[in-house]
Amino acid sequence: KRNNGHCNVPDRWPENPQLGKWVGKQRTKRNRGLLSNVHIKRLDEIGFIWDLLTSNWEKMFEDLLDFKKQYGHCNIPSRWPENFKLSRWVFTQRVFWKNGKLSKYRIKRLEEAGFEWNVLETNWNEMFSALINFREKYGHSNVPRSWHKDPELSHWVGKQRENYRKGLLSPDRIKRLEQIGFIWDTIDNSWEENYLALIEYKFATGNCE
């Protein structure tokens, strides 16, 4: 503890395998009710952690709160280079939640911190809102390809068309996009628009030249 600041000696610690084994044995004996109150008290006095899984969860949760203070949200990027361990932990919480293996107490604490369980759904809704803003500003939903003002929205719009063609877009998302006038086949739509313009031209000039 003097050298490392804590009592969590790793299992099979190469510097002292016997100590690592002994520490694990103390936890096992306490769980089985075989460790004396005197030994428990002495270990407690130096900050011995009996439940490493709970201790680790609390440490990661504190790191998550620090991340939120700095960035304003809990959506830690996948394989975040600044703290890969935290990134992995966040992913694990979502997996446990999806499989019904996360306690109600932990679910509540994470939600109170603003944790989002389905990041993909959240991201989709954010991009959909951006598309609505585009439509309100320009009068249509045809975001240009490689649009310099918002490349992310341009890419997202293209991805929706690709998923639609491959049958990977849910009926709910298709409906929501069509309700705001989303065009699936921009090439065909462009042809129709130019054909109507040609008719107007002929009406005005008497020819199609």
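I take contact to mean heavy atoms within 4.5 Å. The model I am reading is predicted.

**Entry 1: helix 6 and helix 7**

I looked up where these two helices touch. From helix 6, the residues Trp 124, Met 127, Phe 128, Ala 130, Leu 131 and Phe 134 meet Glu 152, Leu 153, Trp 156, Val 157 and Gln 160 of helix 7. I sorted the residues of this contact and got nine nonpolar, one polar and one charged.

I then checked the geometry. Helix 6 spans residues 119-138 and helix 7 spans residues 151-165. Their axes are 10 Å apart, at an angle of about 105°. Angles of 65 to 115 degrees count as roughly perpendicular, so I describe helix 6 and helix 7 that way.

**Entry 2: salt bridges**

I searched the whole structure and found four salt bridges.

Arg 109 pairs with Glu 58, with 2.7 Å between the closest N and O atoms. This pair links distant parts of the chain, since Arg 109 is in helix 5 (residues 104-112) and Glu 58 is in helix 3 (residues 52-71), 51 residues apart. I noted Arg 109 as buried at 17% relative accessibility and Glu 58 as partly exposed at 28%.

Lys 59 forms a salt bridge with Asp 63 at 2.9 Å between the closest N and O atoms. Both are in helix 3, four residues or about one helical turn apart. Lys 59 is partly exposed at 46%, whereas Asp 63 is buried at 17%.

In helix 7, I found Glu 162 and Lys 159 three residues apart, bridged at 3.9 Å, N to O. Glu 162 is partly exposed at 25%, and Lys 159 is partly exposed at 35%. Shared partners join Lys 159, Glu 162 and Lys 166 into one salt-bridge network.

Definitions and conventions
Residues numbered from 1 in each chain as written. Predicted model: local features only at pLDDT ≥ 70, side-chain atom pairs only at ≥ 80, totals over all residues. Heavy atoms only, no water. Axes fitted to C-alpha atoms, helices over the stretch in contact; angles between N-to-C directions. Parallel < 35°, antiparallel > 145°, perpendicular 65-115°, else oblique. Nonpolar A, V, L, I, M, F, W, Y, C, P; charged D, E, K, R; others polar. Salt bridge = Lys/Arg side-chain N within 4 Å of Asp/Glu carboxyl O. Buried < 20%, exposed > 50% of the residue type's maximum accessible area, 1.4 Å probe, protein only.
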